[in-house]
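Have a look at the picture first, then work through the points.

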Amino acid sequence: MALSMHFLESSLYELAGLFLVPVLLLILLALLYAFAALGGFAVEWWQRRGGRHRSALAAYRLASGAGSDDLELWIMRRLELLRLASRTAPMLGLIATMIPMGPALLALGRGDAASVGENLVTAFSAVILALVAASITFWVLTVRRRWLLQELRDIEREAGEAGAAEEA
């Protein structure tokens, strides 16, 4: 019984360790995406501020003849990756924190301070970068959602005014 329990525990430990590199790569990807999204956001903000922004939502509506429901779906699709990044990055950070904690605790029990430090650096660096990525993408998501919903409201108002003018 004790042997099978030890085998199960060590198997779970080894399996969890396999996820460290993919999770760290996903955190790096999320961080790169966050900075790319922030750059695109800054350009769009500058264009809006200068009155040179061309609405992608209005262009989509003209090209497709989409109604309000279709435009809302387009907005959701446009914001989906930002939403996913802002929600999953903290979870990835937690995973990347917890995986190295096992080896750090084992090293602590052996009195190996250097190994404890190495594992904690990995753990805390990963969670910090994941939270930075999540914060940036959440901020961009929130402001961009407001911009797109304002554009949708303006499009709906114009359509309502055009319909009222045709009736008159």
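1. Start with burial: of the 168 residues in the protein chain, 28% count as buried. Keep in mind that this is a predicted model.

2. Now the overall build. Along the principal axes, the C-alpha atoms fill a box of roughly 85 × 40 × 20 Å.

3. Next, the charges that pair up. Side chains of opposite charge can pair when their charged atoms come close. There are 5 salt bridges in the structure. One of them joins Arg-48 and Glu-151, at 2.4 Å from N to O. This pair ties together distant parts of the chain, with Arg-48 in helix H2 and Glu-151 in helix H5, 103 residues apart. Glu-151 is buried, because its relative accessible area is 11% and the cut-off is under 20%. Arg-48, at 24%, counts as partly exposed.

4. Another bridge links Arg-153 and Asp-154, at 3.9 Å from N to O. Elsewhere, salt bridges with shared partners join Glu-44, Arg-48, Arg-144 and Glu-151 into one network.

5. Finally, which residues gather in a patch of negative charge on the surface? They are Asp-69, Asp-70, Glu-72 and Glu-156. Helix H4 (residues 68-110) gives the most, with 3 residues. Glu-156 sits in helix H5 (residues 113-167), and with 34% relative accessibility it counts as partly exposed.

Definitions and conventions. Residues numbered from 1 in each chain as written. Predicted model: local features only at pLDDT ≥ 70, side-chain atom pairs only at ≥ 80, totals over all residues. Heavy atoms only, no water. Patch = residues over 30% accessible without salt bridge, like charges linked within 9 Å, V, L, I, M, F, W, Y side chains within 5 Å. Areas by Shrake-Rupley, 256 points an atom, 1.4 Å probe, with all protein chains shown as cover. Salt bridge = Lys/Arg side-chain N within 4 Å of Asp/Glu carboxyl O. Lys, Arg positive; Asp, Glu negative; His and termini not counted. Charge placed at Lys NZ, Arg CZ, Asp CG, Glu CD. Helix = DSSP H or I, 4+ residues; strand = E, 2+ residues; numbered from the N terminus. Buried < 20%, exposed > 50% of the residue type's maximum accessible area, 1.4 Å probe, protein only.
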